Amino acid sequence: MKSVFRNCIYQGKNLYRDKSFLFWTLIYPLIMAIFFYTAFNGLINIELENIDIGISSQNPIAFILEEIEIVNAHKLSEDEINDKLENEEIQGFIDDDLNLLVKKSGVNQTIIKEILDQIKQMGSLNVPIEKFDFTVEYISEINQKADIVIIIFYSLIAMVSAYGIFPGIVTVSLIQANLTNVGKRINITPLRKNEFLLAGIIVSLILNLLSNVILLIFIKYILKINLFTEMKYSTIFIIAGNLFGVALGIFIGASNKQNENTKTILGIMITLFLSALSGMISPNIKIWLDKSVPVLGKINPIAIITNNLYRINLLGNTQTVIEGALILSIYCIVLISISYVFLRRKTYDSI
């Protein structure tokens with residue numbers, strides 16, 4: 001146990017001095033968070049304002065529109081309609097036949113259409129307009145983060161959780177005599193590789209979790225975005241994502257003879273690819289894949305973390321928690337076991 005603790009201290013100091021590790025696990029995630037916040041700032045908090053709707057003086061639903069709180073009904077003549085729409089003084093015009101005229105699409109235009117559809121449905125059910133229920137709330141007036149933005153931030157968190165891949169690669173490089181001078185010294189000592197590997201997993205997991213905490217604090221208190229409503233289950237997937245990243249890094253490091261920089265580039269490519277499929281670049285990609293190749297979302301580790309964070313915190317759904325955690329655990333066990341076999345069999349003719 002003392003040997004593992006001593007190795008943890010050594011590897012912790014080594015990673016702390018590694019500038020590439022500090023950049024990818026600490027600085028790069030903050031840069032990405034700022035970029036996403038800047039790009040989607042207008043979608044993060046959507047506040048509903050009163051909607052201006054134009055109608056004719058004889059419009060049969062005029063009295064209904066006047067009873068809806070978020071609607072300002074303006075009675076217009078035919079000559080005023082186009083000018084009002086062009087100048088955006090009204091968001092839409094409803095004629096006497098309940099046809100909607102708009103100049104562009106948007107949130108307000110969608111709300112007008114929903115209100116109009118509700119009224120038409122009442123008419124199709126032969127319910128007299130005079131008995132229309134004015135207490136129905138067409139829109140719930142709450143400020144809710146847009147789903148697209150949430151998916152992107154959850155995918156970012158999932159990707160950063162997997163950035164344990166970088167210290168995992170470094171850990172393996174330290175015990176390969178053909179890659180580093182430290183590896184040469186370690187291989188001529190009675191140091192047990194399994195103890196050194198265990199220490200590397202522990203240190204990598206702790207340091208990457210600390211970088212995750214810094215990112216989450218930055219998002220919540222600096223960017224003012226509250227992503228989590230259920231921390232217990234969310235923490236499970238963040239830790240599982242970190243462990244998967246470390247396991248993948250160790251596997252990449254142990255499975256080939258490339259230098260550390262090449263392995264790091266490979267790790268970046270893998271995490272970016274998996275993150276793209278989980279919706280970080282565009283949620284539309286994720287939506288399309290979920291419809292066309294649903295199994296891909298169930299086996300992509302980054303997508304598993306993203307989907308579960310979304311379901312747990314926004315939908316209050318914990319049905320897939322056990323399944324997701326089990327799949328990630330299997331990935332970790334398999335990757336670490338195969339990596340250990342690679343390292344155990346590796347010998348050198350001369351050092």
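Student: What makes a residue part of the lining of the largest cavity?

Tutor: A cavity is a set of points on a 1 Å grid over the protein atoms alone where a 1.4 Å probe fits but cannot get out, and a lining residue has an atom within 4 Å of such a point. By that rule, the lining of the largest cavity consists of Asp18, Ser20, Phe21, Trp24, Phe166, Ile169, Val170, Glu260 and Thr264. This is a predicted model, where local features need pLDDT of at least 70 and side-chain atom pairs count only at pLDDT 80 or more, while totals for chains, interfaces and linings use all residues. Residues are numbered from 1 along each chain as its sequence is written, and side-chain values use heavy atoms, leaving out hydrogens and water.

Student: Which elements each supply at least two residues of that lining?

Tutor: They are α2 (19-44), α7 (165-173) and α11 (260-277). Helices here are DSSP runs of H or I with at least four residues, numbered from the N terminus.

Student: How do you know the volume of the largest cavity?

Tutor: Grid points are joined across faces, edges and corners, and the volume is the space filled by probe spheres set on them. For the largest cavity this gives about 60 Å³.

Student: What lines the second largest cavity?

Tutor: Its lining is Leu277, Lys286, Leu289, Asp290, Leu296, Gly297, Asn300, Ala303 and Asn307. Two or more of these residues come from each of α12 (283-292), α13 (294-299) and α14 (301-315), and α12 gives the largest share, three residues.

Student: Why are β3 and β4 called paired?

Tutor: Two strands (DSSP runs of E, at least two residues) pair if DSSP finds at least two bridges between them. Strand β3 (residues 92-94) and β4 have two antiparallel bridges, so they meet the rule. Within β4, leucine 101 is the bridge partner of phenylalanine 93. The open sheet of four strands runs β2-β1-β3-β4, with mixed pairing.

Student: What makes ring pairs, and which residues do they link into a cluster?

Tutor: Rings of Phe, Tyr and Trp (its six-membered ring) pair if their centres lie within 6.5 Å. That rule gives 12 aromatic pairs, and ring pairs join Phe23, Trp24, Tyr28, Tyr163 and Phe166 into a cluster.

Technical notes: On a 1 Å grid over the protein atoms alone, a cavity is a set of points where a 1.4 Å probe fits but cannot get out, and a pocket is an open set with protein on both sides within 12 Å along at least five of seven lines; lining residues have an atom within 4 Å of a point. Rings of Phe, Tyr and Trp (its six-membered ring) pair if their centres lie within 6.5 Å; planes under 30 degrees apart count as stacked, over 60 as edge-to-face and the rest as tilted.
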